[in-house]
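Q: Please take a close look at the side-chain pairs in this model, aromatic and charged. Where do they sit, and how do they relate to the arrangement of the chains?

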2 protein chains.
Amino acid sequence: MIEELQRLPGVGSKTAQRLALHILSRPEAEVQTLAQVLVEAKQQVGHCSVCFHLSADPVCDICRSLSRDPQVICVVADSRDVIALEKTREYRGQYHVLGGLVSPMDGIGPEQLHIQPLVRRVAQGTITEVILAINPSVEGETTTLYVGQLLKPFTKVTRIAFGLPMGGDLEYADEVTLARALEGRREL
Amino acid sequence: MIEELQRLPGVGSKTAQRLALHILSRPEAEVQTLAQVLVEAKQQVGHCSVCFHLSADPVCDICRSLSRDPQVICVVADSRDVIALEKTREYRGQYHVLGGLVSPMDGIGPEQLHIQPLVRRVAQGTITEVILAINPSVEGETTTLYVGQLLKPFTKVTRIAFGLPMGGDLEYADEVTLARALEGRREL
């Protein structure tokens, strides 16, 4: 059991041992429930066939929602990013989860990501804006430029702002962030 | 000596004692030099009469430089922010140091800051852009809006971008930063 638990992310040998001893100390019914929940979740949760966000249904809640703007798509690398953006309660459009970033160093090319389905969604012509919300890493920049080039013929393509984080301080910001904040300045 | 050293920022009783013992262990000539440097710097360094940045001359190096754009002014709260922005090597215009932020709670009104000299600089009509590079705090927002309103009749007023810092991760960004990053999105 300890060996299996150690395969979980962020679980080392000590934590695995603590988890194992805790599980052994619980009543059997509780352990049965835990085991069952893991298997059921794995069996039931797949990807939305439209946006590739995690979903127990063939089409996810966000894609089916009638109260969301169907003409705006926010493109993210990962389902975690959807969850982070939903927490802001600011965005009311659709999503598209790429399932990773273009990374030639790791052998991940565009064909391994959900880019073609995104192009098909946008090429239908009803989308007025695609927002690229991708981390500002090397792979993120590559992916943003690649996807941007593919979508520009069909619709307006924007990307999220990079600059000083809220509560940030000019004095403590790194130079690249400050340079981006200056470069991205907007009229008041 | 320990009591006097303790008045410095970030110096508590232990650090003050360590500094004091170190100073006592040095040759007298070295201590004389240190003491002299402190007094000389205090006597010589004042504020630039144009931009209010720290300067040993009546007009600072940046204001006198012929290689910098004289038509763009970047407005900051503090001389520390000038130093931070200069490190980026991206900005080639002028500065204006307000000397603080509007903060009614601390009794700091606009008249205590170098806002009137800024308005006079801009009202001369040769400035094409004023960039407000002020921290996104409550006082920072108040100051940005106040200064922006005063300068808008004379020139274009912009402010630096707020959003995801470089190397930042969507998943770990706070909600306000993410909301600002979305709101501030720009066309690719």
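A: Both B:Tyr91 and B:Tyr95 are buried, where buried means under 20% relative accessible area, exposed over 50% and partly exposed in between, with a 1.4 Å probe and protein chains only. This is a predicted model, in which local features need pLDDT of at least 70 and side-chain atom pairs count only at pLDDT 80 or more, while totals for chains, interfaces and linings use all residues. Residues are numbered from 1 along each chain as its sequence is written, chains are lettered from A and ligands numbered from 1 in the order in which they are written, and side-chain values use heavy atoms, without hydrogens and water.

Over all chains there are two aromatic pairs. Rings of Phe, Tyr and Trp (its six-membered ring) pair if their centres lie within 6.5 Å; planes under 30 degrees apart count as stacked, over 60 as edge-to-face and the rest as tilted. The pair A:Tyr91 and A:Tyr95 is edge-to-face, because the planes stand at 65 degrees, with 5.1 Å between the ring centres. A:Tyr91 is buried at 7% relative accessible area, and A:Tyr95 is buried at 1%. In chain B, the rings of B:Tyr91 and B:Tyr95 also have centres 5.1 Å apart and planes at 65 degrees, so this pair too is edge-to-face.

Now the charged side chains. A salt bridge is a side-chain nitrogen of Lys or Arg within 4 Å of a carboxyl oxygen of Asp or Glu, and the count over all chains is 18. One of them joins A:Arg68 to A:Glu86, with 3.0 Å between the closest N and O atoms. A:Arg68 is in the loop between α4 (61-64) and β3 (72-76) of chain A, and A:Glu86 is in helix α5 (residues 79-88) of that chain, so the bridge ties together parts 18 residues apart in sequence. Helices (H or I, at least four residues) and strands (E, at least two) are DSSP runs, numbered from the N terminus. A:Arg68 is buried at 7% relative accessibility, whereas A:Glu86 is partly exposed at 26%.

Another salt bridge pairs A:Glu171 with B:Arg80 at 3.3 Å, N to O. A:Glu171 lies in the loop between β6 (156-159) and α8 (175-183) of chain A and B:Arg80 in helix α5 (residues 79-88) of chain B, so the pair joins two chains. A:Glu171 is partly exposed at 28%, and B:Arg80 is partly exposed at 46%. B:Arg80 also forms a salt bridge with B:Asp78, again 3.3 Å from N to O; B:Asp78 is partly exposed at 26%. In chain A, salt bridges with shared partners link A:Asp57, A:Asp61 and A:Arg64 into one network.

As for the arrangement of the chains, chain B superposes on chain A by a rotation of 180 degrees with 0.1 Å of shift along the axis, at an RMSD of 0.1 Å.

Technical notes
Least-squares fit on C-alpha atoms with pLDDT ≥ 70 in both.
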